[in-house]
Amino acid sequence: MNPNDTENQNAAPQAEPANDAAPEAASAPEADPIAVLEAEKADLKDKLLRLMADMENLRRRTEREMADARTYAVANFARDMLNVADNIRRAIESVPEEASKSAEGAFKGLIEGIDLTERDLLKNLERHGVKKLDPQGQKFDPNLHQAMFEIPNAEVPNGTVLQVVQSGFVIGDRVLRPALVGVSKGGPKAASNGAGSETADNSSAS
C-alpha cells in the first residue's frame, strides 16, 4: 500500500465542512428593501423637520435683532442729547415765574423761543422712540426712578413721588436714564395691586 494513499484518505474528509457552510450562507434572510427605504425615509423626514425648525428659529431671531437694532440704534445719540434737554430746562427754570409772565418784547421772545426749542427737541426724541418720564404724583417705581431723598408727608400714600429733581427718559422698554425723585414718607401705606390682595390680607388676619 502506498503511503500517499493513506494521506489522501485522511485529507479528503476535511473539504466537506466547506460544502456545509455554503447552504447556511445561502439560507441567511435578506434585508427587506421596502423596510430599508422606509427607514431612510423616516430618517430624512426627521432631518428635514429639524432643519425647518432651525430655520424658523433663525428667522425669528433675525427679525427680533433687526427690530431691536431699529429701536435702539439711536440710544447712544439720544443719551448724549439728554444733556442738551437738561440745559434747556435749566434755562427755562432760571427765569422766575413772575418775570416770565410779565416779560415783554425781546425778553418775552427769548423765553418763548427757548420753550419752543425744548418742545421741539422732546417731540423729535419721541419720534425716534425716546420718551420723557414725568412721575410727579405717581407711585415710586425702582425700575424707572431713583430716590434721592424722602419728604415727610402724612397726607399722601407712602412712596409717592413728590418732587422730580431730574427727568428720566426711556427708549422702547429700556431706561436711558432714571428719573431722580424725592418720595413721601410717613403717610398711609400705598395701595396694593387690587382688592384681591386686601381680601387675602383680611382672611389671613382672621
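Colleague: Which residues of the largest nonpolar core touch the most other members?
Modeller: This is a predicted model, with local features needing pLDDT of at least 70 and side-chain atom pairs pLDDT 80 or more, while totals for chains, interfaces and linings use all residues. Residues count from 1 along each chain as its sequence is written, and side-chain values use heavy atoms, without hydrogens or water. The core has 13 residues, a set of buried (under 20% relative accessible area, 1.4 Å probe, protein chains only) Ala, Val, Leu, Ile, Met, Phe, Trp, Tyr and Cys residues joined through side-chain atoms within 4.5 Å. Those touching the most other members are Ala78, Leu121, Leu125, Val130, Phe169, Ile171 and Leu176.

Colleague: Which element gives this core its largest share?
Modeller: Two or more residues come from each of helix 4 (75-93), helix 6 (105-127) and strand 4 (168-171); these are DSSP runs numbered from the N terminus, helices (H or I) of at least four residues and strands (E) of at least two. Six core residues, the largest share, come from helix 4.

Colleague: And in the whole protein, what percentage of residues count as buried?
Modeller: The chain runs α-α-α-α-α-α-β-β-β-β-β-β-α, with seven helices and six strands. Out of its 206 residues, the buried ones make up 17%.

Colleague: How far apart are the end C-alpha atoms of residues 34-72?
Modeller: UniProt, in an unreviewed entry, lists that span as "coiled-coil region", though such annotations may be inferred rather than shown by experiment. In the model, the span is 100% helix and 0% strand. Its end C-alpha atoms are separated by 56 Å.

Methods
Buried means under 20% relative accessible area, exposed over 50%, partly exposed in between (1.4 Å probe, protein chains only).
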